[in-house]
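Here is a short report for a reader meeting this structure for the first time. Look over the sequence and the model, then read on.

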Amino acid sequence: MRIKIAEAGIDNEILKQRCEEMAQWHGLLMSDDKTHLGANFKGWVKLPETIDEKLVDDIINTAEKIKEKCTLFIVVGIGGSFLGAQAVIDAFNGSREGWPEIVFAGFNMNGAYINKLKKRIARESVCMCVISKSGRTVEPLLSYAVFKELIFGKYGYKEARKRIYVITDETKGDLRPEAFENQFKSFNIPEDIGGRYSVLTAVGLLPIAVAGHDIRKLLDGAHDMQLSDWSAGSELVPYGAVRTLLQEEGKFLELFEYFEGNLRYFGEWLKQLFGETEGKDGKGAYPACLFFSRDLHSIGQFLQQGRQMFFETMIRIDKRNDDVIIPWPAGYPYAGKTMEQINGCAEEGVIRAHIKAGIPVNEIHIDELNEFTLGQMIYFFEMSAALSAYVMGLNPFDQPGVEAYKTEMKRLIEDLKVSR
């Protein structure tokens, strides 16, 4: 991974001081200190090197058994319970050949979407995994109830209990006793890891493994990034430092951009990671994601000449192996070249044009898109988000604002009449 930070006119001495501050926070995060802000939820920082190899084996073996049973694997969860897994699976264009298709549910309460999946359950061979720490989050709870009833009705109790998997808190929550009573195969969500930092736990690893992707290489990439240089003078720390200094200059919107369409759900994962990590106490940059060239033809005008309230973080893949030669009917100067060559020109052209317009542009380069480099990116952005929040004086690992809509929604639900 190579990182080029924005040329934003930030004083070098101020940037150096911010990098030193972030490096100090990194040292505290990696320490055994349990007294600092958010210390009870830093289990993810050493996870790539401390994860139990027996757990990894168990996840891989379970994925193989699921592969033998079904062609469709429904993952029920919301937020961090599905975004990380979907980001990785989508990055590789879905499941590998011969492995179950992964579909996600429990992230909305749209009747049409649920009915569509109900029809698929009726005609396909299905397994399901429900992911929830408490077991009481409304969106996944409702989808789980609907699909569980269908699966029990289709297969009967004896077979259905072999097709339902649970990932939840080890001791607490509504799903733990249900998993025990029905003898569902289950995995634990570590108590010291929050949802948006959980993609490298069973929460993300099981769906990714069921899709046929190499979770060991994913963990290896994350481990490589964990052991990388996070000192003040490193290549890694300045990204987080610059993004916090830009916010102090009034740049309150971070646009994550990519010319690789398979990164669209990685962008969605980044939105939750940064939005929940630093969006509190009136602070934080609003995270958004843009897929180019598509979005250049809708929002590109604003980016080039609109209100300068944002900075950009471009994720660039240097080697793309899947390519197409442009036929001669396309004419000069395109014919005979490849789509990715032209894509690369568009990518570089956008960066040059935006820099000339005075827009701060960070560049995150990875050699190619695979499990190892995706593991590197996951850990890099997790650490960068946490360090950014710390230098803002925030707890990176709570999300008290999420409860506000839930409280109002529950009051309204209690007033609804029961449908017969």
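The sulfur of Cys127 lies 3.4 Å from the closest cysteine sulfur, which belongs to Cys70. That is too far for a bond, because a disulfide needs the two sulfur atoms within 2.5 Å. Cys70 is therefore in no disulfide, with the sulfur of Cys127 as its nearest cysteine sulfur. The count of disulfides comes to zero. This model is predicted.

Cys127 is buried, at a relative accessible area of 0%. Cys70 is buried too, at 5%.

## Helix α9

Helix α9 runs over residues 215-226, twelve residues in total. From first C-alpha to last, α9 reaches 16 Å, close to the 16 Å expected at 1.5 Å a residue. Asp214 caps the N-terminal end of α9. A side-chain oxygen of Asp214 sits 3.0 Å from the backbone nitrogen of Arg216.

Which residues of α9 are buried? They are Ile215, Leu218, Leu219, Gly221, Ala222, Met225 and Gln226. Down the axis of α9, the buried residues fall within an arc of 155°, so they line one face of the helix. An α-helix has 3.6 residues a turn, so residues three or four places apart point the same way. The cover over the buried residues of α9 includes several other helices. Among them are α1 (12-30), α2 (47-50) and α3 (53-69). So are α4 (83-91), α8 (202-210) and α14 (371-391).

## Salt bridges across the chain

Side chains of opposite charge can pair when their charged atoms come close. The count here comes to 28 salt bridges. One of them joins the side chains of Arg216 and Glu53, at 2.7 Å from N to O. The pair links distant parts of the chain: Arg216 is in helix α9, Glu53 is in helix α3, and 163 residues separate them. Arg216 is partly exposed, at 33% relative accessibility. Glu53 is also partly exposed, at 42%.

Glu276 forms a salt bridge with Arg196. Their closest N and O atoms are 3.0 Å apart. This pair also links distant parts of the chain, 80 residues apart. Glu276 lies in helix α11 (residues 264-278), and Arg196 lies in the loop between β6 (185-189) and α8. Arg196 counts as buried, at 3%.

## A network of charges

Glu348 forms a salt bridge with Arg316, with the closest N and O atoms 3.1 Å apart. Glu348 is partly exposed, at 27% relative accessible area. Arg316 counts as buried, at 9%.

Which residues join this pair in one network? Salt bridges that share partners connect Glu260, Arg316, Arg320, Glu340, Glu347, Glu348, Arg352 and Glu363.

The contacts below leave out residues up to four places away in sequence.

Ala386 lies in helix α14. Ala386 is buried, with a relative accessible area of 0%. What does Ala386 touch? Its contacts are Leu29, Trp44, Tyr197, Thr277, Pro396 and Phe397. Ala386 and Phe397 are eleven residues apart in sequence. In space, their C-alpha atoms are 7.9 Å apart.

Thr201 sits in the loop between β6 and α8. Thr201 is buried, at 3% relative accessible area. Thr201 is in contact with Leu47, Pro190 and Ile193. His354 is found in helix α13. His354 counts as buried, at 3% relative accessibility. His354 touches Leu303, Gln304, Glu312, Ile359 and Val361.

Conventions
Residues numbered from 1 in each chain as written. Predicted model: local features only at pLDDT ≥ 70, side-chain atom pairs only at ≥ 80, totals over all residues. Heavy atoms only, no water. Helix = DSSP H or I, 4+ residues; strand = E, 2+ residues; numbered from the N terminus. Expected span 1.5 Å × (residues − 1). Buried < 20%, exposed > 50% of the residue type's maximum accessible area, 1.4 Å probe, protein only. Arc of directions from axis to C-beta. Contact = heavy atoms within 4.5 Å. Polar contact = N/O pair within 3.5 Å; in protein donor to acceptor, adjacent residues only side chain to side chain. Salt bridge = Lys/Arg side-chain N within 4 Å of Asp/Glu carboxyl O.
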